[in-house]
Amino acid sequence: QVENEGSPAQHRVGRRRAGVTVLEMIASTSSGIDLRGYDDDDSTQPSRDDGLTVEELISLHVGELGRAQLRHFVCTSFSWTPTVFMTLMSVFTERDPAWRCVTPDGCVGGDICSLNKDEWEWVSKSASIRSEWNLICGDDWKVSAADSMFFAGFFFGAGIVGQLADSRGRKPAMYFSLVVGGVGSAISAAVSSFWPYFWSKFIIGFGCGGVGVASFVLSIEPIGAKWRSRLGIATQYWWASGIVLMSLVAMGITEWRAYTTFVVVSTALYCVVSAPLLNESPKWLLIAGKPEKALEVLTALAKGNGQIIPPRGLPRLKRLTVSSAGSTSIAAVLPHPALRTRLFAMSFIFFVNSAVYYGLSLNVGSLGGSIYLNNILSALVEMVSYAFAQVSVEKVGRKHTLMFLLSVAGAGCLVSGFTTGGGQTAVALVGRFGIAAAFNMVFLYTTELFPTVVRSAALGTCSLVARLGGIIAPQIILLQTLSPSLPFIVFGGASAAACFVTTYLAETKGVTMQDTIEGAVRQAQATSSSNFYQLSAEDFEEDEETLPNTDF
């Protein structure tokens with residue numbers, strides 16, 4: 001019950017809004033219950049005159065995390081598995097395959113580029129694109145160019161599909177991206193020369209760039225506030241598990257075309273099986289002006305969780321006004337200094353995470369030993385890092401966890417630049433631990449820093465900038481021709497810079513995600529102003545209106 005000093009305790013908050021501090025609002029909404037819209041004479045239910053937000057309805061009637069939400073989360077998050085197949089299949093399809101000498105006296109020097117063509121041969125011509133099209137020595141650059149083309153496609157896919165997810169829906173955007181990536185993979189497996197393969201990599205990258213943006217938001221928006229951060233990070237277990245699975249499959253399927261076909265079939269199978277099982281995000285439906293459909297999705301979730309539905313149906317939902325919900329462009333945040341700073345800072349952090357993560361990933365083969373074992377070991381390290389991040393974001397908070405992980409990544413990269421042998425492998429894995437967990441949690445952090453109307457667009461923009469880091473990662477590795485330590489120094493310095501930039505971000509642990517840009521701006525101002533404890537609940541309600549519940 002909220003009591004406003006100097007006014008009677010018994011009155012409807014829907015008609016006379018009570019003063020409430022931000023700390024009280026955060027404490028209540030972090031558990032999924034907002035003080036807004038409650039009747040003082042009946043504290044067990046929010047006022048039906050005001051309607052409920054999606055967060056309130058989930059907390060009070062659907063459940064924070066029930067069977068239906070968990071099923072939705074698992075099914076959506078599984079999309080990361082075919083995505084990682086398409087993203088990292090080049091580790092195996094473009095690897096340096098085995099070759100052997102065919103001369104009786106053997107090969108002198110052991111450098112394939114110094115031998116005549118009649119002195120050696122590939123063990124398996126179809127093992128990778130390098131062996132099939134002889135992309136070695138003077139043509140070796142073509143392989144790196146194809147990888148850069150993939151990230152160029154990722155660049156455009158992340159931005160365009162991020163906008164598509166906000167304007168057309170999370171679910172259509174996710175499946176559109178998977179289909180595009182699958183088609184690109186099928187083309188790459190069917191071509192007979194390098195240049196068609198080169199352009200197909202752009203198509204694959206475009207699809208992969210959109211999947212992560214759309215599927216992440218779709219997976220967490222129907223979940224209650226207190227579970228969102230934990231499960232938001234848990235989505236990446238599917239990524240790491242996919243790395244393990246693809247490594248095991250690559251052990252058995254050693255020809256690159258057959259392996260690519262496996263990736264295509266896996267992607268198609270996921271789409272066919274999962275599409276009928278998933279619903280659109282109720283938050284997006286509400287923002288899109290479809291409150292009845294949003295209520296249907298929430299009702300289905302409540303029934304799936306075993307909740308008792310009132311005879312007249314669930315309470316009606318609040319909707320944003322047209323002026324508040326009309327814009328979904330990321331440009332809408334630029335006039336607001338607080339949100340603009342968040343966008344620029346997170347974009348730089350994404351850029352560094354991508355450059356360092358893919359730089360270390362591309363360098364796995366140089367650690368020595370089996371490429372399959374190294375890939376599996378890296379994935380297992382990532383899983384441990386995800387578990388650490390899950391605990392830390394709740395205990396320590398988002399901001400300080402990210403700063404720590406970037407520090408670990410930077411230290412690991414710097415030290416590995418000056419070590420060799422097994423020590424270098426161990427330290428490189430420490431760096432992989434830090435950057436993998438950091439890259440994981442920035443998705444969650446970004447969704448909490450921006451309001452619903454631009455959430456996917458913001459995530460897409462940051463992911464778009466991250467692709468620039470992916471594009472330059474191979475070029476940074478080439479700096480080892482100047483000095484073996486130089487790439488690691490660059491990666492370490494970039495991680496340190498990203499750690500510093502993180503200090504400009506706000507902590508979002510326990511803070512309610514806002515729906516409108518106006519609400520997010522007021523929230524940002526409140527957390528940084530001297531009047532932090534005096535912010536009224538009405539400051540977060542001005543741009544909402546109640547829609548009638550047609551089921552009543």
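User: In which helix is the place of Arg230?

Analyst: This is a predicted model. Arg230 belongs to a positive surface patch that also includes Lys226, Lys395 and Lys509. The helix that holds Arg230 covers residues 225–234. That element is helix H10.

User: Does Arg230 count as buried, partly exposed or exposed, and why?

Analyst: The limits are under 20% relative accessible area for buried and over 50% for exposed, with partly exposed in between. Arg230 has 35% relative accessibility. Because this value falls between the two limits, Arg230 counts as partly exposed.

User: How many salt bridges does the structure hold?

Analyst: Side chains of opposite charge can pair when their charged atoms come close. A pair is counted when a side-chain nitrogen of Lys or Arg is within 4 Å of a carboxyl oxygen of Asp or Glu. For this structure the number of salt bridges is 11.

User: How far apart are the closest N and O atoms in the salt bridge of Arg130 with Asp140?

Analyst: Arg130 sits in helix H6 (residues 129–132), and Asp140 in the loop between H6 and helix H7 (141–167). The two residues are 10 residues apart, and the pair links distant parts of the chain. In this salt bridge, the separation of the closest N and O atoms is 2.3 Å.

User: Which residue is linked with Arg130 and Asp140 in a network of salt bridges?

Analyst: Arg130 and Asp140 form a salt bridge with each other. They are also part of a network of salt bridges that takes in another residue.

User: How many residues apart in sequence are the parts tied together by Arg170 and Glu221?

Analyst: The side chains of Arg170 and Glu221 meet in a salt bridge, with 3.0 Å from N to O. Arg170 lies in helix H8 (residues 170–190), while Glu221 is in the loop between helix H9 (194–220) and H10. The pair therefore ties together parts whose separation in sequence is 51 residues.

User: Which side chain makes a polar contact with the side chain of Ser281?

Analyst: Ser281 is found in the loop between helix H12 (256–274) and helix H13 (282–287). Ser281 counts as buried, with 0% relative accessibility. Its side chain is 2.4 Å from its partner in the polar contact, and the partner is the side chain of Glu221.

User: In which helix do Glu296 and Lys293 both lie?

Analyst: Glu296 and Lys293 form a salt bridge whose closest N and O atoms are 3.7 Å apart. Glu296 is partly exposed at 47%, and Lys293 counts as partly exposed at 42%. The two are three residues apart, about one turn of the helix, and the helix (residues 291–304) is H14.

User: What is the area of the nonpolar surface patch made by Leu269, Val272, Val273 and Leu277?

Analyst: Among these residues, Val273 lies in helix H12. Val273 is partly exposed, with a relative accessible area of 49%. The area of the patch is about 420 Å².

User: What is the phi of Asn134?

Analyst: Asn134 is in the loop between H6 and H7, and Cys137 is also found in the loop between H6 and H7. Cys137, a residue other than glycine, has a positive phi near 55°. Asn134 is not a glycine either, yet its phi is positive, at about 50°.

User: What is the C-alpha to C-alpha distance in space for Glu55 and Gly224?

Analyst: Glu55 lies in helix H2 (residues 54–62). Glu55 is buried, with a relative accessible area of 13%. Glu55 and Gly224 are 169 residues apart in sequence, and their C-alpha to C-alpha distance is 6.9 Å.

Note on methods: Residues are numbered from 1 along each chain as its sequence is written. This is a predicted model: local features need pLDDT of at least 70, side-chain atom pairs count only at pLDDT 80 or more; totals for chains, interfaces and linings use all residues. Side-chain values use heavy atoms; hydrogens and water are left out. Patches are made of residues with over 30% relative accessible area and no salt bridge: like charges are joined within 9 Å, nonpolar side chains (Val, Leu, Ile, Met, Phe, Trp, Tyr) within 5 Å. Accessible areas come from the Shrake-Rupley method with a 1.4 Å probe; for residues, only the protein chains shown count as cover. Lys and Arg count as positive and Asp and Glu as negative; His and the chain ends are not counted. The place of a charge is taken as NZ of Lys, CZ of Arg, CG of Asp or CD of Glu. Helices (H or I, at least four residues) and strands (E, at least two) are DSSP runs, numbered from the N terminus. Buried means under 20% relative accessible area, exposed over 50%, partly exposed in between (1.4 Å probe, protein chains only). A polar contact is a pair of N or O atoms within 3.5 Å; within protein, one must be able to donate a hydrogen and the other to accept it, and residues adjacent in sequence count only if both atoms are side-chain atoms.
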